[in-house]
2 protein chains.
Amino acid sequence: MKIRIAKNSGFCFGVKRAIKMAEDASKKYNEIVTLGSIIHNPQMVKKLEQQGIHKVNSLSEIKGRPTIIRSHGVEKNTFNKLLEQNIEIVDTTCPYVSKTQEYTQLLGKAGYQVIILGDKNHPEVIALQSYSDGNTIVVKDASELPDKKFDKVGVISQTTRNIEDLQNLTRELLPRCRELRIMNTICNATSIRQKATLELAKESDLMIVIGGRNSSNTKMLAKISGKYIKTHHIEVAEEIDKKWFKNVENIGITAGASTPDWIIVEVYNKIIEYLGNHEKKISKIEDIPGLRSKDER
Amino acid sequence: MKIRIAKNSGFCFGVKRAIKMAEDASKKYNEIVTLGSIIHNPQMVKKLEQQGIHKVNSLSEIKGRPTIIRSHGVEKNTFNKLLEQNIEIVDTTCPYVSKTQEYTQLLGKAGYQVIILGDKNHPEVIALQSYSDGNTIVVKDASELPDKKFDKVGVISQTTRNIEDLQNLTRELLPRCRELRIMNTICNATSIRQKATLELAKESDLMIVIGGRNSSNTKMLAKISGKYIKTHHIEVAEEIDKKWFKNVENIGITAGASTPDWIIVEVYNKIIEYLGNHEKKISKIEDIPGLRSKDER
């Protein structure tokens with residue numbers, strides 16, 4: 001039996017940055033809130049709550065307190081309202097997401113029909129849409145495209161989609177428009193993590209994908225892995241079922257960009273426990289065999 | 001035995017326009033030349049020669065005479081030199097090709113790495129390249145792309161390529177660049193003619209593609225048809241071999257955008273002759289059974 005973890009699993013640059021900013025701010029201010037979940041990991045959000053960072057769901061709940069903008073960004077109007085109300089803002093919007101917002105605005109202003117590849121209910125996409133002045137179309141894949149011709153189309157991708165969906169969307173759009181301008185806004189960390197997950201899935205008999213159930217990038221990892229091999233998407237170690245490991249030789253683990261290391265360690269130890277190897281439990285993620293360096297995560 | 005002709009076969013708008021302009025000019029001037037072949041059909045070029053429109057191959061051969069710019073366009077420098085020398089110009093560059101030249105210039109000026117999908121030896125592509133200020137890359141398909149990453153890429157297509165090649169090129173480029181701006185410059189007449197040829201090829205046992213051997217759009221028709229069924233690319237009726245029709249039930253004919261009607265009629269009659277149906281010969285293209293209206297060509 002071999003347990004391996006995909007390279008580049010866990011926190012990405014943007015999530016690390018957002019949490020650091022939130023924790024620093026919580027030391028500076030007596031009371032601070034986040035407008036929506038700062039990242040899509042309920043366990044991490046709960047941990048931040050214990051540090052005094054409270055989640056609110058609407059502007060009216062803020063009541064003048066300093067406010068953290070989530071890593072996924074917020075709608076343009078929301079941001080402007082916070083400014084108007086002189087609310088202290090800690091903007092943890094991932095810089096790659098900010099760039100995507102800028103591109104959306106640029107394409108909208110330049111008269112392109114903006115088409116966003118993404119999940120229309122995801123906060124990143126809801127915020128993105130607000131940056132295009134014109135009407136935007138959001139599609140989860142090429143099959144959702146309206147059956148019509150366009151003149152100039154600008155394509156933006158939610159940062160956590162996969163390149164194959166973007167390629168398929170482009171293939172469908174190309175014969176239908178005179179000009180197609182695609183901003184490849186899939187973030188590099190996302191691509192690398194997806195590639196590493198795919199490679200590990202191909203060499204495993206079972207894959208465990210760890211991350212928030214509403215985390216777009218984690219769901220994408222589960223989708224990619226699930227195409228090759230039996231895959232379980234879990235949030236915490238307690239969800240693991242001992243039966244999963246029957247007749248399994250190679251177990252692969254991967255984790256979304258908002259999954260903290262301690263949860264990955266708990267999952268690893270739970271598997272070790274079920275396999276009856278208590279002495280092989282680990283205390284930090286670097287001890288997972290086969291994970292050669294921190295850079296690989 | 002059934003002989004059918006693909007809809008939209010023969011002269012396109014750009015070719016009709018170029019020939020009309022050349023013939024009108026030949027009436028106006030005592031002597032007139034074309035710089036290169038006005039269209040890629042040797043038989044039509046010969047006919048124009050008989051009307052006093054002489055082909056020259058270089059600027060030095062013009063010797064001050066009024067000059068017709070070919071439908072494929074010429075290099076920017078060549079055009080400018082004609083202007084400097086006060087040569088009378090009859091510019092028959094297809095308006096769709098002119099538009100493609102404009103887009104190339106626009107993308108080059110805006111700092112894009114311009115990539116042209118096309119045949120690097122074709123006059124249209126040679127002229128196109130001259131409109132980009134930066135370095136252009138010309139590829140016949142995705143396999144010829146250099147193995148490197150790009151920042152901003154602008155893609156232009158030779159007007160007579162097919163959409164599938166453009167889609168494949170885009171698929172390959174997308175993961176390699178931050179921004180991909182594609183001008184779908186495949187001309188509509190080309191797409192329609194390719195589609196009609198494909199449909200007829202699927203229903204035929206043998207296809208005859210008529211057009212100049214150096215005609216890019218004709219070669220593309222032969223390539224598309226040849227994927228489905230035995231296909232012969234010919235320029236004139238004399239090339240037809242009686243043996244081709246042995247055990248053949250459905251014969252399909254299609255013709256490139258620079259193939260004159262009289263050649264299509266000759267080819268049709270030659271086939272009729274070989275099949276022993278002399279009485280069914282026709283005198284004009286409209287008499288081909290199944291060709292419902294002139295609009296369909």
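**Close-ups of where chain A meets chain B**

Counting over all chains, the rule turns up 26 salt bridges in this predicted model. One of these pairs ties two chains together, because A:Arg181 sits in strand S9 of chain A while B:Glu179 sits in strand S9 of chain B.

**View 1. Two copies around an axis.** Any two copies of a chain can be related by a rotation about an axis plus a shift along it.

**View 2. The shared surface.** Chain B puts 18 residues into the contact, and chain A puts in 18 residues. Of the interface residues of chain B, 100% are interface residues in chain A too, so the copies meet through the same surface.

**View 3. What gets covered up.** Between chain B and chain A, about 1,800 Å² is buried, and carbon and sulfur atoms account for 47% of that. On the chain B side, the residues that lose the most area to chain A are B:Gln167, B:Arg171 and B:Leu174, which together make up 34% of what that side buries.

View 4. Side chains of opposite charge can pair up when their charged atoms come close. The rule picks out two salt bridges across the interface of chain B and chain A. In a salt bridge between A:Arg181 and B:Glu179, the closest N and O atoms are 2.7 Å apart. On chain B, helix H6 (163-173) and strand S9 (177-183) each bring at least two residues to the side that touches chain A. S9(B) gives the most to that side, with seven residues. Sorted by kind, the residues on this side of chain B are 10 nonpolar, four polar and four charged.

**View 5. Strand against strand.** Strand S9 of chain A (residues 177-183) runs antiparallel to S9(B), and five bridges join the two. For one spot to look at, find A:Glu179, which stands opposite B:Met183 in S9(B).

How values were computed
Residues numbered from 1 in each chain as written. Chains lettered and ligands numbered in written order. Predicted model: local features only at pLDDT ≥ 70, side-chain atom pairs only at ≥ 80, totals over all residues. Heavy atoms only, no water. Contact = heavy atoms within 4.5 Å. Buried area = accessible area lost by both parts, 1.4 Å probe. Salt bridge = Lys/Arg side-chain N within 4 Å of Asp/Glu carboxyl O. Helix = DSSP H or I, 4+ residues; strand = E, 2+ residues; numbered from the N terminus. Nonpolar A, V, L, I, M, F, W, Y, C, P; charged D, E, K, R; others polar. Pairing = 2+ DSSP bridges.
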